[in-house]
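This briefing is for a reader who is new to the structure shown below. Please look at the ligand and its surroundings before reading the points that follow.

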Amino acid sequence: MRLYDDNDSGNSYKVRLALAQLGMPYELVPIDIEKGESRTPEFLAKNPNGRVPLLELDDGRYLAESNAILCYLTEGTALMPAASFDRALAMQWLFFEQYSHEPNIATTRHWLRAGHLTPAREWAFAQKRLAGYAALGVMEGHLAKSDFFVAGRYSIADIALYAYTHVADQGGFDLARFPAVTAWLHRVKMQPGYVLM
Ligand SMILES: N[C@@H](CCC(=O)N[C@@H](CS)C(=O)NCC(=O)O)C(=O)O
């Protein structure tokens with residue numbers, strides 16, 4: 001398999017982390033999104049949405065969207081909950097991540113790191129800050145009662161939510177306000193096969 005990946009992208013890191021923990025070999029194809037490398041005609045022919053991560057299977061098929069890639073890679077493994085309701089709960093957290101968490105926490109981080117926080121974005125930035133804190137609050141409530149997101153054990157839901165939460169401080173979020181989230185970040189880091197972003 002080939003993974004098209006930007007090394008500062010949390011969405012790409014989710015896939016790298018899962019592949020490492022599953023012990024699956026793959027070839028990494030670095031894509032620098034800041035240089036527009038995900039928007040070239042060659043890349044758009046592979047993923048018309050112009051984004052990483054993108055997985056290329058050995059038979060030449062492509063799969064985009066980090067959480068879809070996570071589902072594909074983890075099917076039948078310990079990272080995908082076995083019981084159908086638990087699997088649905090994992091999906092619940094994956095959709096939460098993509099709708100309530102990533103658009104707020106990842107985007108503000110990217111704007112700050114890449115120098116994209118223009119005056120025109122100040123209002124959106126403030127809104128995203130509020131919504132990001134709300135998402136962290138939802139996670140805190142859950143993790144105050146449970147060690148992991150689904151069925152009390154590490155799964156793809158943790159991988160998906162870990163990616164941008166563990167670097168949320170780079171987007172200006174104060175994680176010290178969330179002790180249960182902070183303790184969970186440490187538990188994820190202790191999982192076998194863990195790799196740094
Ligand atoms: N929903 C997508 C989001 C992918 C995404 O936004 N990727 C960013 C990097 S984190 C990207 O490739 N941006 C480059 C661009 O939009 O040109 C996923 O989860 O994979």
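By class, how many residues in the shell around the ligand are nonpolar, polar and charged? The shell has four nonpolar, six polar and three charged residues. The model is predicted, and the values below are computed from it.

**The ligand site**
- The ligand is surrounded by 13 residues. The closest are Arg 39, Val 52, Glu 65, Ser 66 and Gln 98.
- The largest pocket is the space that the ligand takes.

- Arg 39 places a polar side-chain atom 2.7 Å from an oxygen atom of the ligand.
- For Ser 66, a polar side-chain atom lies 2.6 Å from an oxygen atom of the ligand.
- Gln 98 has a polar side-chain atom 2.7 Å from a nitrogen atom of the ligand.
- The ligand taken alone exposes 510 Å², and the protein buries 81% of that.

**Backbone features at two of the closest residues**
- Val 52, one of the closest residues to the ligand, is joined to Pro 53 by a cis peptide bond. The omega angle of this bond is about 5 degrees.
- Pro 53 is in the loop between α2 (41-46) and β3 (54-56).
- Glu 65, also among the closest residues, is not a glycine, yet its phi is positive, at about 75 degrees.
- Glu 65 is found in the loop between β4 (62-64) and α3 (66-74).

**Helix α4**
- Helix α4 covers residues 84-113 and bends by about 55 degrees at His 101.
- A proline, Pro 103, follows the bend within four residues.
- After α4 comes Gly 115, which has a positive phi near 70 degrees.

How values were computed
Residues numbered from 1 in each chain as written. Predicted model: local features only at pLDDT ≥ 70, side-chain atom pairs only at ≥ 80, totals over all residues. Heavy atoms only, no water. Near = heavy atom within 4 Å. Polar contact = N/O pair within 3.5 Å; in protein donor to acceptor, adjacent residues only side chain to side chain. Areas by Shrake-Rupley, 256 points an atom, 1.4 Å probe, with all protein chains shown as cover. 1 Å grid on protein atoms, 1.4 Å probe; cavity = no way out; pocket = protein on both sides within 12 Å on 5 of 7 lines; lining within 4 Å. Sits in = over half its atoms within 2 Å of the grid points. Nonpolar A, V, L, I, M, F, W, Y, C, P; charged D, E, K, R; others polar. Bend = angle between axes of the 7 residues up to and from the residue. Helix = DSSP H or I, 4+ residues; strand = E, 2+ residues; numbered from the N terminus.
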